[in-house]
Amino acid sequence: MSERENELKEVKKLEAVSSSNKILTYAAIVIGVAALVSSLVSIAYVLNFSSRISALNYTTHAPATTTVASVSGYNINSPLITPPLSLAADPIISQQQPFGSRLTNINAPLNSTELAIINNASDSYFETAGEMYLSSKLNNSVGASATKVPMFVVNGKPSVIYLGSITCIFCGENRWAMALALSRFGNFTELFKGYSSFGDGDLPTLYWAPAHYNQSSIDLGNFYNSKYINFITLEDTDPITGGFNLQPLNIIQQEINSTGNLAYMDAIKFILQLNTFQGTPYTIWGAYNVGGADAVDFGNSTPINGQSLPLTYMTHEQVLSQLAHPNDQFAWTEYAAADLYVAMICGSINNTAPVCSLPAIKQIEVSNGY
Amino acid sequence: MAISKTYLAKSIFLSPFYAALTVVFAVGYYLLFIYLMGLSGNILFVKLPWYLIYALVVTSAVLLTIAVYSIKNSIMPYVGASTGAWSAVSASVGSLFASCGCTAPLLAPLLYDIGLNTIAVSSFMSAVSSYQSYIFAALILLNLFFIYYSISSASRKCVINRGKVLVPIKTK
């Protein structure tokens, strides 16, 4: 037999062996093609071919707003929910615990001095932070695209609606800015010390009401009063010692419906109708909706990949002290984030609140299209 | 005579060209991860162990290199194209999932655009957050399977002559 014949024989033998792999080969082709198509589609969307992507903006200015036109607004009359001042199953923990796994003072109400830092923050801080935002002098990022939505009016006032989770790190950070913003239109008679979950940074934060930090639940209501707006809070809870978790929104809706409170029942219905949820914190500020987190402000320095966050190692007292006398990037960014919320509310209430006359707020309204 | 899988793998990855190509692909995939996680804001607190991200990057890069080798040498090029495409999708899907935390500005709009509603999107995000590590492990295992399959298939199609890997003569 010639060398050529031997070679051909060998190759035929090899092909016979590989024929058993044909099915796998075809499967690989199908998977590959599907993979390629889905990959290209994903990349196209990620590269902003979809106008609905509202990734965080690292250059400080929020992108233009989009509009949800297909959903009707609400105009209802209903009492709001006043939550309990304490929870027997989720008591205040007074013992000192180590950073990263601490619950020190969780569910403890802010004392009057601490509360005053939020309620009585100087307008000049909002103005300075707003100017820093507008002139891109903030190191930390703030601002995401907002969606124009119909108003959710309760008892004749537009509403701020918050859907978050006590376990969520972004919610933990955002509540500081939210509280500052809301304080421009009314005041809190109570706020509570809290944390994001151990698996999500263990950040010191504010809770709107005592939280069910040991169980899966939904905490509704807060202690906020305003003549301009309503504040409707839906706070999902899960064991704080775990990681981030959010109950499915249909479960949350069932729990809310069981309260029989029309404002809250319609608020979750409204959220589900909008189809703009991109994560927590999900907020609606009058006529503007922020579909997910809109700031990355976890301390004065920006940690690099995998490093722990400076805010994790701060106490509530330290955060409040920085907000009382802002002189660093962390505090200014919180005020700047609050400015964006303030501007959204001002744009929704025809600028009738005094804070709306601050030059920086007016400019933000113009530059961001509120 | 067919060559062993190990021999073929060695001949690919000990070649300076393919070794360099693997490094380039790995760096590319890693940068894709960083970029997407940065866009979503979740880069600061990736809950996944970083070794899982590195493992996905490396296995995707190795798979893509084998795909390039297969296509360049006309060894089952259709399999090469398929596994190469899979390599790209495992890296991009992995990075989308890695960037999903309590907020997912990249993933959520994709889900709405394929027709899901708020309840489905929020449930999907919750599930991804809860099972992120398992999803990553599954992607890595699939990559390893495709690496094995590609090398195994290619090794049966190759012959060795004077220490060099040769592609057999086509019979049809």
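Val23(B), Val27(B) and Leu31(B) make a nonpolar surface patch of about 270 Å². Keep in mind that this is a predicted model. Chain A averages a pLDDT of 86, and 80% of its residues score at least 70.

**Chain B**
- Val27(B), one of the patch residues, sits in helix H2, which covers residues 16-40 of chain B.
- With a relative accessible area of 45%, Val27(B) comes out as partly exposed.
- Chain B has 6 helices and 2 strands, and from the N terminus on they run α-α-α-α-α-α-β-β.
- Of the 172 residues in chain B, 56% are buried.
- Take the chain B contacts with a separation of 6 or more: 74% of them are between residues 24 or more positions apart.
- Chain B shows an accessible surface of about 7,100 Å², and carbon and sulfur atoms account for 72% of that.

**Nonpolar cores**
- The largest nonpolar core has 154 residues, and the members touching the most others are Phe185(A), Phe188(A), Leu234(A) and Trp285(A).
- Helix H9 of chain A (residues 329-348) gives the most to this core, putting in 14 residues.
- Leaving aside residues up to four places away in sequence, Trp285(A) touches a set of residues including Val160(A), Met178(A), Leu182(A), Tyr341(A) and Ile345(A).
- There's also a second, separate core of 12 residues, with Ile106(A), Ile166(A), Phe192(A) and Tyr207(A) among them.

**Salt bridges**
- Over all chains, the count is 5 salt bridges.
- Arg102(A) pairs with Asp202(A), with the closest N and O atoms 3.5 Å apart.
- That pair links loops 100 residues apart: Arg102(A) is between strand S2 and helix H3 of chain A, and Asp202(A) is between strands S8 and S9 of chain A. Both residues are buried.
- Glu114(A) bridges to Lys193(A), with closest N and O atoms 3.1 Å apart. Glu114(A) lies in helix H3 and Lys193(A) in strand S8 of chain A, so parts 79 residues apart in sequence get tied together.
- Glu114(A) counts as buried because its relative accessibility is 10%, under the 20% cut-off. Lys193(A) is buried too, at 6%.
- Glu317(A) also bridges to Lys193(A), at 2.9 Å between the closest N and O atoms. Here helix H8 of chain A (residues 316-324) is linked to strand S8, with the two residues 124 apart.
- Glu317(A) is partly exposed, at 40% relative accessible area.
- Through shared partners, Glu114(A), Lys193(A) and Glu317(A) join into one salt-bridge network.

Key
Residues are numbered from 1 along each chain as its sequence is written. Chains are lettered from A and ligands numbered from 1 in the order in which they are written. This is a predicted model: local features need pLDDT of at least 70, side-chain atom pairs count only at pLDDT 80 or more; totals for chains, interfaces and linings use all residues. Side-chain values use heavy atoms; hydrogens and water are left out. A nonpolar core is a set of buried Ala, Val, Leu, Ile, Met, Phe, Trp, Tyr and Cys residues joined through side-chain atoms within 4.5 Å. Buried means under 20% relative accessible area, exposed over 50%, partly exposed in between (1.4 Å probe, protein chains only). Helices (H or I, at least four residues) and strands (E, at least two) are DSSP runs, numbered from the N terminus. Contact means heavy atoms within 4.5 Å. pLDDT is the predictor's confidence in each residue, from 0 to 100. Patches are made of residues with over 30% relative accessible area and no salt bridge: like charges are joined within 9 Å, nonpolar side chains (Val, Leu, Ile, Met, Phe, Trp, Tyr) within 5 Å. Accessible areas come from the Shrake-Rupley method with a 1.4 Å probe; for residues, only the protein chains shown count as cover. A salt bridge is a side-chain nitrogen of Lys or Arg within 4 Å of a carboxyl oxygen of Asp or Glu.
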